[in-house]
Amino acid sequence: MAEFTRVALDAMGGDNAPGEIVKGAVEAVLKERNVQVFLVGREEAVRAELAKHEYDKDRIEVVNAAEVIEMAEPPVNAIRKKKDSSIVVGMKLVKEGKADAFVSAGSTGAVLVGGQVIVGRIKGVDRAPLAPLIPTAKGFSLLIDCGANVDARPAHLVQFAKMGSVYMEHIMNVRNPKVGIVNIGAEEEKGNALVKETFPLLRETKGINFTGSVEARDIPYGKVDVVVCEAFAGNIILKLYEGVGGVLIGKIKKGLMSSLRSKIGALLIKPALKQTVKAFDASEYGGAPLLGLNGLVVKTHGSSKAKEITNTILQCVTFKNQRISERIKDCIQAEPNAAE
């Protein structure tokens, strides 16, 4: 019999909490029999939402947390002062071994700080990167880092490449994943000081399939499987990706409804179009894990609805079954730390 995956879920985080968060938890336990969810948040509000659903009461438990960390709060102060917040209480469940993973759609800053301070980094990991999957013409790529480390050093990017390779190979089943560093040209001599210094380090790193630079325009085509960059560039890539995707989908829908002829055509292509749009739906991929920690911490979009929460919980089952944290630990500790 498969072992249970215990997920601590921040019931108060995000724009649609607690309703969509609770709904996502219920749908997750209906889909996956080997998952248990701890809904962490204000007990009265959480139970009021749970009362709207039929669910297995043995697999969803409410853990009271009276405080909520708001989006605009300074993350460090919030983690330090709000000890009874849903984020802090949920992460402590992971630290104490009572939960296998923590999921939140709440404050990104608080999740990043809490992950590193409460759950803690694996020995040898200098920075924990946030790594979402992004859709490409070939399927998907891992963008690492997209928001956690805006002032990363070359040795940090080398570690990101290693962790990203482990993730893509063992979680996404991509054999010998191609690794590329984000640059403004394909030539090695191009780029800023960080890229120029990191490039030769990646080329010499054993255990990764480094293919060189990747320009932003090549990322959507799936030129590489692991897109390595510091968080400032990564966050810009991610947000532009989401914005352009939304605009294109909106324009296509508007064009298809512009005339009777186009509406008839829309009916004919609807199944194929629906499948294509689905591939570019962020909610299909679950959340972005904060890699390199002693436990699993996954951040979902602040606007997440039930579908994305469900997929993120199911994602945690895969993370645990594939021992992603242990594999990253083995990978990082196999060679001397280069970030000194």
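**Exercise 1. Count the aromatic pairs and describe one that links distant parts of the chain.**

Solution. The count comes to two aromatic pairs (ring centres of Phe, Tyr or six-membered Trp rings within 6.5 Å; planes under 30 degrees apart are stacked, over 60 edge-to-face, the rest tilted). Phenylalanine 199 and phenylalanine 210 form an edge-to-face pair, 5.1 Å centre to centre, with 75° between the planes. Phenylalanine 199 lies in helix 7 and phenylalanine 210 in strand 8 (residues 209–214), 11 residues apart. Helices (H or I, at least four residues) and strands (E, at least two) are DSSP runs numbered from the N terminus. Both phenylalanine 199 and phenylalanine 210 are buried (under 20% relative accessible area, 1.4 Å probe, protein chains only).

The model is predicted: local features need pLDDT of at least 70, side-chain atom pairs 80 or more, while totals for chains, interfaces and linings use all residues. Residues are numbered from 1 along each chain as its sequence is written, and side-chain values use heavy atoms, without hydrogens and water.

**Exercise 2. Give the strand order of the open sheet and find its edges.**

Solution. Six strands run in the order 3-2-1-4-11-10, with mixed pairing. Strands pair if DSSP finds at least two bridges between them. Strand 3 (60–64) and strand 10 (288–289) are the edges; each has a single partner strand, so one side of each lacks a neighbour in the sheet. Next, take strand 2 (residues 35–41): its pairing with strand 3 is parallel, over five bridges. Phenylalanine 38 has glutamate 61 of strand 3 as its bridge partner.

**Exercise 3. Locate the charged end of lysine 57.**

Solution. That end sits over the ring of tyrosine 55, 4.7 Å from the ring's centre (the rule: NZ of Lys or CZ of Arg within 6 Å of the ring centre and within 35 degrees of the ring normal).

How values were computed
Buried means under 20% relative accessible area, exposed over 50%, partly exposed in between (1.4 Å probe, protein chains only).
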